[in-house]
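Biologist: Please show me the model first. After that I will ask how its parts pack together.

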Amino acid sequence: MSALEGQVQTVLGTVGPDALGITLPHEHLLIDFTVMFAEPAAASDKGRAWEPVSLANLGWVRQNFNANLDNLRLLDEQVAQDEILLFKRAGGRTVVDPTPKTIGRDPQALARIARATGLNVVMGTGYYVDASHPPDMGRRSVDDLAREMIADVTSGVGDTGIRAGLLGEIGTTYPWTENERKVLRAAVVTQRETGAPLMVHPGRHPDMPMQLVELVRKEGGDLRRTIMCHICRTISDVRAVIDLAQAGIWLEYDLFGMENSFYPYNPSFDMPNDGGRMAHVLALIAAGHRDQILLSHDIAYKTSLVKYGGYGYHHLLVNVVPRLRAKGLDDAGLARLLVENPARAFAFA
Ligand SMILES: [Zn+2]
């Protein structure tokens with residue numbers, strides 16, 4: 001089979017899963033997320049939409065995080081490096097950046113950050129939600145998309161020689177589009193071919209993760225190497241998450257640090273805070289699913305960075321881990337969530 005079997009593929013080459021250490025499975029170091037920009041309707045808000053993020057507008061931008069263009073752009077490599085070093089200083093060793101190419105994936109910059117910081121950085125391939133697809137997506141075939149993803153994994157992106165270590169994040173909406181289905185099918189073909197882990201961003205509806213599971217299963221994908229992102233903003237009832245866990249997938253609680261209840265992408269849904277996320281995680285552990293849980297922040301906005309008043313990439317380690325410990329999770333349990341689970345999730349089949 002694959003020469004990658006059992007290895008994790010970083011932007012600087014393959015490493016054994018034991019080299020990962022404390023891992024953030026879903027963060028964006030650099031991203032151009034302007035595809036999510038929603039210009040406010042009110043005249044008095046429109047001006048704020050185009051301002052740089054500053055202390056003067058920070059409260060408004062935090063509340064309306066996709067209504068400010070500057071907030072959606074993490075484009076400064078030096079800032080990315082400074083911010084991820086806070087995670088390293090707190091004990092972290094590996095970060096997975098699943099930014100797809102049409103929203104700013106930058107293999108060379110990720111490799112430079114990996115070299116400069118000494119952290120392992122794992123890069124993704126594939127396509128995000130329909131709105132970010134290139135104009136010719138309707139004409140592309142599953143085979144053609146799979147060829148592109150296989151090349152990213154096996155020979156590298158373009159002529160960079162820098163290889164992707166996972167398929168994702170593959171974006172879907174609710175209800176999902178034909179092109180999104182096609183991209184996911186191509187990702188499953190690539191997974192079967194290469195053994196790569198698959199990471200899927202579900203549409204915002206509690207039924208969507210199961211629809212995705214069914215497609216991955218039907219196409220012959222490996223559900224034990226399938227990571228379902230953003231569980232907390234998709235399914236509020238933990239019993240439904242426990243049902244979903246029966247499929248054997250990874251359940252990613254990757255919005256730690258998002259403490260606002262207002263969720264502009266789905267205003268009728270109350271976003272849980274870290275307390276709600278921890279409650280789900282502990283309930284899943286109690287139900288026997290400790291070995292399927294991944295934790296991260298999915299940082300994609302300036303306001304999440306320390307430089308802009310946020311909690312930073314080290315929030316889980318400095319703020320959440322002590323609270324989990326206080327709630328009864330012991331060192332072995334924490335190591336499982338932060339180290340051993342990611343090591344299994346990102347190793348090639
Ligand atoms: Zn993400």
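This is a predicted model: local features need pLDDT of at least 70, side-chain atom pairs count only at pLDDT 80 or more; totals for chains, interfaces and linings use all residues.

Biologist: How many residues of the contact of α8 with α9 are charged?

Modeller: Val238, Val241 and Ile242 of α8 meet His280, Ala283 and Leu284 of α9, where contact means heavy atoms within 4.5 Å. Here Ala, Val, Leu, Ile, Met, Phe, Trp, Tyr, Cys and Pro count as nonpolar, Asp, Glu, Lys and Arg as charged, and the others, Gly among them, as polar. The contact of α8 with α9 has five nonpolar residues and one polar; the charged ones number none.

Biologist: How far apart are the axes of α9 and α10?

Modeller: Helix α10 covers residues 315-326 and packs against α9 at an angle of about 60°. That angle makes the two helices, α9 and α10, oblique. The separation of their axes is 11 Å.

Biologist: Which residues of α10 make the contact with α9?

Modeller: On the α9 side, the contact is made by Asp274, Gly275, Met278 and Leu282. The residues of the contact of α9 with α10 divide into four nonpolar, two polar and two charged. Those from α10 are His315, Val320, Arg323 and Leu324.

Biologist: How many residues in the contact of α3 with α4 are charged?

Modeller: The axes of α3 and α4 (residues 107-117) come within 10 Å and cross at roughly 45°. The contact is made by Glu77, Ala80, Gln81, Ile84, Leu85 and Lys88 of α3 and by Ala109, Arg112, Ile113, Ala116 and Thr117 of α4. These divide into six nonpolar and two polar, and the number charged is three.

Biologist: Is alanine 90 buried, partly exposed or exposed?

Modeller: Alanine 90 lies in the loop between α3 (77-89) and β6 (92-97), and touches His314, Leu317 and Val318, not counting residues up to four places away in sequence. Buried means under 20% relative accessible area, exposed over 50%, with partly exposed in between (1.4 Å probe, protein chains only). Alanine 90 has a relative accessible area of 31%, so it is partly exposed.

Biologist: What is the relative accessible area of asparagine 66?

Modeller: Asparagine 66 is in the loop between α2 (58-63) and β5 (73-74). Residues it touches include Met36, Phe37 and Tyr265. Asparagine 66 is buried, with a relative accessible area of 8%.

Biologist: How many residues does the largest nonpolar core have?

Modeller: A nonpolar core is a set of buried Ala, Val, Leu, Ile, Met, Phe, Trp, Tyr and Cys residues joined through side-chain atoms within 4.5 Å. In the largest one, the residues with the most contacts inside it are Phe33, Tyr253 and Leu295. Phenylalanine 33 touches residues including Leu72, Ile103 and Tyr128. The number of residues in this largest core is 96.

Definitions and conventions
Residues are numbered from 1 along each chain as its sequence is written. Side-chain values use heavy atoms; hydrogens and water are left out. Helices (H or I, at least four residues) and strands (E, at least two) are DSSP runs, numbered from the N terminus. Axes are lines fitted to C-alpha atoms, for helices over the stretch in contact, and angles run from 0 to 180 degrees between N-to-C directions. Angles under 35 degrees count as roughly parallel, over 145 as roughly antiparallel, 65 to 115 as roughly perpendicular and the rest as oblique.
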